[in-house]
Amino acid sequence: MLDPVSSAIKDHVNSLVCGLAGKHCPPAPAPGAPAPAPPLTVVPTLPGQGDNLTLTQTQVIGTFQSYHQAPPQSIIDLLSSPPYQAVFTAAKQNVPTRYAFSHQTITQQLASGIRGFEFDTLADPTGGKYAYAAGLKLVNAFSTLVSPDLLKAGIKAMTTPDFDFGSSCYVFKSCLGEILAFSNANPTHFPIVVFIHHGGTVPASSFLGAQYAPALAQLQANPTVQPTNFTTGVNAKIADIRAEILSVFPTSKLYTPDNLRADNKAPANANLRDIVLAGGALAGSWPSVGALRGKVLFMADPDYTAELDAASPGAVNSLLWPSNDNGDADPNHVAAGAWAIQAMNLQGFYIRAGVDSTAVEAQFKYTKRASLFQGIGGPQFLSTFFDVPPPQNVNPSTQFSVGAVAACNPVLTGARITMGSVAFPYDGAIPQLGAVNIVQPPLPPCVNPTGFSA
């Protein structure tokens with residue numbers, strides 16, 4: 001049970017009627033169509049208590065594959081059929097169950113209080129590369145054109161071609177435009193964090209296994225209907241991602257590694273860890289919430305970090321923040337996707353962690369990960385597949401109090417959360433993380449325990 005001080009943190013996981021043996025999800029929206037959602041009600045953008053806390057002393061709820069829309073039911077049925085399931089079961093892939101979720105539009109998520117986003121990005125410099133889906137042709141759909149937006153040139157926000165292609169904003173710049181429009185309309189909003197991730201680039205021959213040859217023969221049997229082959233995704237390049245971000249956002253809206261150095265009066269090439277990590281040579285800090293209101297931070301997922309490091313050595317003149325998995329030796333990787341969350345949290349990293357890991361966990365009410373990560377580890381970005389609060393059709397694994405868009409971080413502030421017989425913050429061994437002995441530093445007070453507005 002949560003005590004009153006930490007009442008901002010609640011878990012709500014309800015079952016979805018899908019994924020069970022012999023059952024499938026309700027009919028999904030048409031490709032590209034917005035997910036069902038309540039009327040927009042924008043939370044007032046009023047700065048409040050807690051603005052003195054740093055970004056890492058707070059938590060926000062973010063969505064994974066923030067653009068995602070479930071494929072049509074006909075594709076779910078195809079991939080659920082025995083020949084395909086034989087392949088997926090042997091490969092231990094939860095297909096198509098893990099495709100069966102739909103987010104609200106980006107605008108609706110922002111209005112609902114989401115302040116973290118993740119976009120898978122695929123390159124499409126001339127347009128049309130992903131416009132026609134093999135999956136639609138295999139189920140004899142009336143049209144195999146996924147969306148006219150996919151005929152436009154530019155980076156696409158989507159998971160994979162052919163099967164799991166649904167998106168509420170196929171054009172990456174359109175997704176960004178929704179965030180900018182919200183930011184302009186709500187100039188004192190809580191800082192928004194956006195992670196950029198590789199899209200799906202696994203070739204169909206690997207994904208479909210023994211079903212690849214018969215499926216390809218079916219595509220090629222009717223050459224008058226596109227496509228006649230499967231499409232393999234190609235990851236967008238960091239240089240192109242940077243260019244598209246800057247084509248949408250003025251630099252005044254962004255907070256970058258160079259801004260952190262300037263705010264801490266550090267040298268232009270200073271290592272970021274020397275600034276923000278505990279014991280760092282420059283003894284700096286992450287910025288306060290108050291200083292970041294109205295700003296957007298773009299972070300590169302670890303799968304983009306090597307390319308980002310090459311493009312902007314030392315994270316100098318870098319638009320995106322580099323990140324790592326579970327810590328590495330690079331002195332400029334201060335964002336992370338981590339399992340040893342509490343230990344890295346106390347060091348000063350900004351951490352994103354999945355509270356339901358895959359869509360399957362939330363569908364089957366698996367809450368252990370959400371409980372451990374949210375209350376004990378204290379990641380700043382609680383990433384979920386399900387963002388619409390009850391009693392809507394899609395159900396979250398985690399939720400703050402009504403009207404709150406963020407909460408005090410239970411590890412880095414005086415907020416307390418009780419789970420079973422152990423109260424956290426916990427001064428001593430951490431059973432969930434093994435025999436680790438971490439002594440809590442003095443904690444700032446959680447002056448806004450029921451959450452931040454805006």
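Hi everyone, let's start with a pair of helices: the axes of α1 and α2 come within 5 Å of each other and cross at roughly 70°. Axes here are lines fitted to C-alpha atoms, for helices over the stretch in contact, and angles run from 0 to 180 degrees between N-to-C directions. That makes α1 and α2 roughly perpendicular, a word used for 65 to 115 degrees, while angles under 35 count as roughly parallel, over 145 as roughly antiparallel and the rest as oblique. On the α1 side the contact uses Leu 78, Leu 79 and Ser 80, and on the α2 side Pro 82, Tyr 84, Gln 85 and Phe 88, where contact means heavy atoms within 4.5 Å. By class, five of these residues are nonpolar, two are polar and none is charged. For those classes, Ala, Val, Leu, Ile, Met, Phe, Trp, Tyr, Cys and Pro are nonpolar, Asp, Glu, Lys and Arg are charged, and the others, Gly among them, are polar.

A quick word on the source. This is a predicted model, in which local features need pLDDT of at least 70 and side-chain atom pairs count only at pLDDT 80 or more, while totals for chains, interfaces and linings use all residues. Residues are numbered from 1 along each chain as its sequence is written, and side-chain values use heavy atoms, with hydrogens and water left out.

Now the overall picture. The protein chain has 15 helices and 15 strands; these are DSSP runs numbered from the N terminus, with helices being H or I of at least four residues and strands E of at least two. Of its 454 residues, 55% count as buried, meaning under 20% relative accessible area, with exposed being over 50% and partly exposed in between (1.4 Å probe, protein chains only).

Back to α1, residues 73–80: its buried residues are Gln 73, Ile 75, Ile 76, Leu 78 and Leu 79. Their cover includes α2 (82–90) and α4 (134–138).

Next, what is the angle at which α5 and α8 pack? For α5 (residues 172–185) and α8 (residues 238–248) it is about 40°, with the axes 9 Å apart, so the two are oblique to each other. The residues that meet are Phe 172, Lys 173, Leu 176, Gly 177 and Leu 180 from α5, and Ile 241, Glu 244, Ile 245, Ser 247 and Val 248 from α8. They divide into six nonpolar, two polar and two charged.

Let me stay with Lys 173 of α5. Setting aside neighbours within four places in sequence, Lys 173 is in contact with Glu 244, Ser 247 and Val 248. At 37% relative accessible area, Lys 173 is partly exposed.

In that region there is also a disulfide, defined as a pair of cysteine sulfur atoms within 2.5 Å. A search of the whole structure finds one, formed by Cys 169 and Cys 175 with their sulfur atoms 2.1 Å apart. The link is right-handed, with 105° about the S-S bond.

Finally, some backbone details. The bond from Val 95 to Pro 96 is cis, with omega near 5°, and Pro 96 sits in the loop between α2 and α3 (106–112). Another cis peptide bond runs from Gln 226 to Pro 227, with omega near -5°. Asp 162, not a glycine, has a positive phi of about 75°; Asp 162 is buried, at 3% relative accessible area.
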